[in-house]
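Biologist: I would like to learn how to read a protein structure feature by feature, and I would be glad if you could take me through one with care.

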Amino acid sequence: MLRILHRVITTGTLTEPLDTSASLESLGIEVRRTLGARYAGSFAIRHVDAGSCNGCELEIHALGNPYHDLERFGVRFVASPRHADALLVTGVVSRHMQEALLRAHAAMAKPGLVIAAGACACDGGEFGANYASLGAVANVLPVDVRIPGCPPPPALLLRGLLAALGRATP
Amino acid sequence: MMAQAFAERLRAALPGVALSPRTESGLMPAMVLAVSAADWAALGTAAHALGARWAACWVDPEPDHWRAWVLYEQGGAYVLAQTLLDPRAPRLPSLAAVYAAADRPERAIRDLLGVDFEGHPDARRWLRHQAWRAQEHPLRPEQPLAGAPPARAPADTGYPFRRIAGDAVHEVAVGPIHAGTIEPGHFRFAAVGEQALTLETRLGYTHRGVEKLAVGRDAEGLLRLAARVAGDSTVAHAWAACMAMERAAGCAVPARALALRALLAERERVANHLGDVGGIANDVGFSFAQMQFGALRERWQRRSAVLFGHRLLMDALCAGGVRTDLDLAGTQALLQDHARLRAELAPLVDILLDHPSLEDRLVGAGVLGTADARALGCLGYLGRASGLAFDLRRDAPYPPYDRLPVRVPLYDSGDVAARMRVRLDEIDVALELMDTLLAALPPGPVSTHWEAPPAGARGLGLVEGWRGETLAFVRFGADGRVARYAPRDPGVFAWPALERLLPGNIIPDFPVCNKSVNGSYAGGDL
């Protein structure tokens, strides 16, 4: 226990302030709907990998590390779409995941934002539409926020998620 | 030559069978053994009797006939068995009864190409769900990439899972969408109370058509795709694809490029192991380690972004070399990083290996015995935690590993604790290797001119990714375009292992068992 406490104290705080110098536009983040103070400081996200290579998932994991600490903004990942304000979708939508994605979306309380993260989810990326894939998320669900990148680095994901929450002004 | 001796042993074991071992430059160091389809199973049985490992199977629909390939490995020696199939009625004896590892790969080939694996013990589909019909086989050359899918493919709810009967037995269905940020897949448990009796995994949810998408691409296009077979193994798959193409084309990669590729591969290994060790600890509620290892991994990825242009090292390789050189300042920065990581890890490892509540959850959990690991063809940290020491970098070394001493950690307890321990040891080994590489980076260019080979040229790439032996087969068609790309991720062998090691554990320990095995979804679903 002492070793753990020692380590915690010597590590200190690694969490970095959010860089707000660049506009969302310049980062390539596209926000469709007018999003406002609708979520009262608490924003729950259900992530769905609809057919990703797992690169985006690694970067979403990184949002939780001490450097980014997503939860400090009141944003957290939840296990059920019924608890979620937003669906964060990564990957192309594989045809084998089409039904599961639609059901997850239907299970969300309205308005139920859809955030497409990563090149595949935004425009089909390297895979596009084919016998196995429907390509971009927008081919299956209306998309509110698009976060580009292959995969989007955590700092960009963070800005995109905060844009969805209405905290970051475009 | 080791492969020749292995081929001779196979020949001696099959006196009545016509086998003519030969070499093909693109497929070196493997020895090629052509057999008739009738002798396919006999060869598999002989290989199994000799203790060889079944490493991979793929079918290549060549213009005139189809060709089936199976790769066997024994003690670092490779033999590639091949036989011809009739495209009008492709059939082949199944090896799944001899080699459990062949079970799902053969079913995947049956789904995608319609090859009838005679005597296969499992008639169920594998990669096919409900997006195309049983009589359609999307990887067949005459099938268009777009296919003819339904507007809305139904959920594959009718898949016939194996049922366990009994008064107190209940089923637990999980997925395809899991509780956390994980790739999709379906797990079906049969349980009594908390205790799992069986687990069956059902995958294929991230099937994106990788092999079909590869057809017609040039080398650069293929590498973009190979880099996205599995994002956590982007260097491993890209290097395997490069190696396959370069061997097919007889392209000599400069020594500096090879050293930098190894550096990238070791960086990928360290990044993933850091993430996994934190993840294993987190799955038993030890979030301290998750945060500490998450921070180490973040710093590691940031350095990758600065020096190689990408946090996960995607698209760092090109046919003929690598895209980015490393200057002296970069080398110094890396050496300092390595020293700092060692210093930061040492006290953390002390805590991980001597923390009673952690030990209580990890030691003895999810035990995979050596015999099971061998039967299922387990590789990488999964095999090395269960007594299987195979490591391509040491046992069939490819440049630059042929000049590097590679230590291979080995444990035989086969539990979650051993799989964590192997990862910690491998971080050490990787740091040593990278220090050695950086101390003597060969001078010269980081890439050479790439020229695609003529139609028909084919190559095999084999590299030790962080999950183990990662394979790529490439055959070129006309105009330098890829006619066939068959990748095989080592993570495919982890799922049957997970099914084997879980029974007897409680379902609440499933996440940590699963994380310790960390099979690849995307790498197997393709």
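This is a predicted model: local features need pLDDT of at least 70, side-chain atom pairs count only at pLDDT 80 or more; totals for chains, interfaces and linings use all residues.

Biologist: With which residue does B:Glu432 form a salt bridge?

Modeller: The general idea is that side chains of opposite charge can pair when their charged atoms come close. Here B:Glu432 forms a salt bridge with B:Arg407, and the closest N and O atoms are 2.6 Å apart. B:Glu432 sits in helix H14 (residues 416-439) of chain B, whereas B:Arg407 lies in the loop between helix H13 (392-395) and H14, so the pair ties together parts that are 25 residues apart in sequence. B:Arg407, with a relative accessibility of 45%, also counts as partly exposed.

Biologist: Which parts of chain B does the salt bridge between B:Arg467 and B:Asp232 tie together, and are these two residues buried or exposed?

Modeller: The closest N and O atoms of B:Arg467 and B:Asp232 are 2.9 Å apart in their salt bridge. B:Arg467 belongs to the loop between strand S13 (458-465) and strand S14 (468-476) of chain B, and B:Asp232 to the loop between helix H5 (219-226) and helix H6 (234-249), so the bridge ties together parts that are 235 residues apart in sequence. Both B:Arg467 and B:Asp232 are buried.

Biologist: How many salt bridges does a search of the whole structure find, and which residues are linked in a network of them?

Modeller: Over all chains, the search finds 53 salt bridges. A network of salt bridges links B:Glu266, B:Arg269, B:Arg384, B:Asp391, B:Arg393, B:Glu426 and B:Glu464.

Biologist: Let us turn to the nonpolar residues: how many residues does the largest nonpolar core have, and which have the most contacts inside it?

Modeller: As a general idea, in soluble globular proteins nonpolar side chains tend to be buried together. In this model the largest nonpolar core has 184 residues, and those with the most contacts inside it are B:Trp54, B:Trp58, B:Leu71, B:Tyr72, B:Phe293 and B:Tyr485. The largest share of this core, 13 residues, comes from H14 of chain B. Domain 1 (2-118) and domain 2 (234-488) of chain B both give residues to the core, so it lies between them. A second, separate core has 25 residues, among them A:Leu24, A:Val75, A:Ile115 and A:Leu165.

Biologist: What is B:Trp54 in contact with, once its neighbours within four places in sequence are left aside?

Modeller: The contacts of B:Trp54 include B:Val70, B:Leu71, B:Tyr72, B:Leu95, B:Tyr99 and B:Phe493. B:Tyr99 is also touched by B:His48, which touches B:Val98 as well, when residues up to four places away in sequence are not counted. B:His48 is found in helix H2 (residues 40-49) of chain B, and its relative accessible area of 40% makes it partly exposed.

Biologist: How many residues does each domain of chain B give to the contact between them?

Modeller: The centres of domain 1 and domain 2 of chain B, taken over C-alpha atoms, are separated by 28 Å. The contact takes 28 residues from domain 1 of chain B and 21 residues from domain 2 of chain B.

Biologist: Which residues form a nonpolar patch on the surface?

Modeller: A:Met1, A:Leu2, A:Leu5 and A:Ile9 form such a patch, with about 510 Å² of accessible area together. One of them, A:Leu5, lies in helix H1 (residues 2-11) of chain A, and with a relative accessible area of 42% this residue is partly exposed.

Biologist: I would also like to read the backbone: which residues does the cis peptide bond with omega of about -15° join, and what is the phi of A:Asn54?

Modeller: That cis peptide bond joins A:Cys150 and A:Pro151, and A:Pro151 lies in the loop between strand S6 (145-147) and helix H6 (154-165) of chain A. The bond from B:Pro399 to B:Pro400 is cis too, with omega near 5°. A:Asn54 has a positive phi of about 90° although it is not a glycine, and with a relative accessible area of 3% A:Asn54 is buried.

Note on methods. Residues are numbered from 1 along each chain as its sequence is written. Chains are lettered from A and ligands numbered from 1 in the order in which they are written. Side-chain values use heavy atoms; hydrogens and water are left out. A salt bridge is a side-chain nitrogen of Lys or Arg within 4 Å of a carboxyl oxygen of Asp or Glu. Helices (H or I, at least four residues) and strands (E, at least two) are DSSP runs, numbered from the N terminus. Buried means under 20% relative accessible area, exposed over 50%, partly exposed in between (1.4 Å probe, protein chains only). Patches are made of residues with over 30% relative accessible area and no salt bridge: like charges are joined within 9 Å, nonpolar side chains (Val, Leu, Ile, Met, Phe, Trp, Tyr) within 5 Å. Accessible areas come from the Shrake-Rupley method with a 1.4 Å probe; for residues, only the protein chains shown count as cover. A nonpolar core is a set of buried Ala, Val, Leu, Ile, Met, Phe, Trp, Tyr and Cys residues joined through side-chain atoms within 4.5 Å. Domain bounds come from an automatic or database domain assignment. Contact means heavy atoms within 4.5 Å.
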